Amino acid sequence: MSEENQNQNQNINQKDLFETLNKMGCIIPQGASLSLPFMFEPPIKLFSGIGTNCKIGAFSYTATKISYLQCGRYCAIGHGVEILSDHPTNFLSTHVFPYQDLFEKFYITKDVNPPPPNPKKKKPPPPPPTNFEQIKPITLGNDVWIGGHVKFRGGVKVGNGAIIGAGSVVTKDVPDYAIVAGVPAKIIRFRFPPQVIAALLESRWWDYDLTHLHWQNININFAEPLIALQQIKSLVEQNILQKYDPGWKKLQR
């Protein structure tokens, strides 16, 4: 097969992949980057693709190709969001050499780890002496808004309804419905009074698909949260609105 035909088949296969993903409920533009493994709950929208080890809940979207993310429903993630790698502060050194081989090629060329007599059997380099998790996933609850160019320390958990201001560096967990910003990020205020936050958390409104109600000529007063909760409760009691459970889709190599 000629190189031209191989490239043509590759483009056709890639087109089929993106068409399949869109039918599955992962709305992603042609040519976007997609890393595996990846789990999602349809529908979601990926404006720039997705990095590795991500799990994204329904009705969420991201403008960043982010990795190591566990995300609930109805989340909005802006451009340039990053998860920072970590370094040990209580080891002999903060350098990566105890748990990562950066200079393997140098030592192989110096015959520090000489090859075995049979050149067909390559001797693997010895494993690094220490284990350390350099990148830890972050976890977002439901209805979280992440502004552009936010940086997270690995392992951070962001509560339901929280907002992270653009350009912030988040080093600690963020409570439900907090608005945080700054370097490092600090709580500016909470979105609602405690009694409203309690009602929102108790309602678990994100368990329902609220995105299509206007297609059924059902109007919810989203601008008034407590009124909206009462309207949602009424729809549930009338069996007009049921819990949304599309199941998770898993893509792997």
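Two strands count as paired if DSSP finds at least two bridges between them. Helices (H or I, at least four residues) and strands (E, at least two) are DSSP runs, numbered from the N terminus. This is a predicted model, in which local features need pLDDT of at least 70 and side-chain atom pairs count only at pLDDT 80 or more, while totals for chains, interfaces and linings use all residues. Residues are numbered from 1 along each chain as its sequence is written, and side-chain values use heavy atoms, with hydrogens and water left out.

**Whole chain.** Select the protein chain, which has 4 helices and 19 strands. Of its 253 residues, 36% are buried; buried means under 20% relative accessible area, exposed over 50%, and partly exposed in between, with a 1.4 Å probe and protein chains only. Contact means heavy atoms within 4.5 Å. Among contacts in the chain with a separation of 6 or more, 36% are between residues 24 or more positions apart.

**The sheet.** Next, select the open sheet of 8 strands, whose order is β1-β4-β7-β9-β12-β15-β17-β18, with mixed pairing. Each of β1 (26–27) and β18 has a single partner strand and stands at an edge, so one side of each is without a neighbour in the sheet.

**Around β17.** Select residues 178–181, which form β17. On one side, β17 pairs with β15 (residues 163–164) in the parallel sense, over 2 bridges; here I163 has I179 as its bridge partner. β17 is also joined to β18 (residues 186–190) by 4 bridges, and these two strands run antiparallel. Along this pair, A181 has K186 as its bridge partner, and A178 stands opposite F190. What is the phi of G182, in the hairpin of β17 and β18? G182 takes a positive phi near 110°, and the hairpin has 4 residues between the strands.

Now select G165, in the loop between β15 and β16 (169–170). Beyond its neighbours within four places in sequence, G165 is in contact with V150, V180 and A181.

**The cores.** A nonpolar core is a set of buried Ala, Val, Leu, Ile, Met, Phe, Trp, Tyr and Cys residues joined through side-chain atoms within 4.5 Å. Select F38, L69, L140, I146, F152, V158 and I164, the residues with the most contacts inside the largest such core, which has 34 residues. Elements that each supply at least two residues of this core include α1 (3–24), β3 (38–40), β8 (69–71), β11 (138–140) and β17. A second, separate core has 19 residues, F59, I218, I232 and L241 among them.

Return to L140 and show its surroundings. Apart from neighbours within four places in sequence, L140 is in contact with L69, Q70, C71, G72, C75, I77, I146 and V158.

**Two loop residues.** Select T64, in the loop between β7 (61–62) and β8. Is T64 buried or exposed? T64 is buried, because its relative accessible area is 6%. A polar atom of its side chain lies 2.4 Å from the backbone oxygen of G78. Leaving aside neighbours within four places in sequence, the contacts of T64 include S48, G49, I77 and H79.

Then select H214, in the loop between α3 (194–203) and α4 (225–237). H214 has 48% relative accessibility and therefore counts as partly exposed. A polar atom of the H214 side chain lies 3.5 Å from the backbone oxygen of T211.

Methods:
A polar contact is a pair of N or O atoms within 3.5 Å; within protein, one must be able to donate a hydrogen and the other to accept it, and residues adjacent in sequence count only if both atoms are side-chain atoms.
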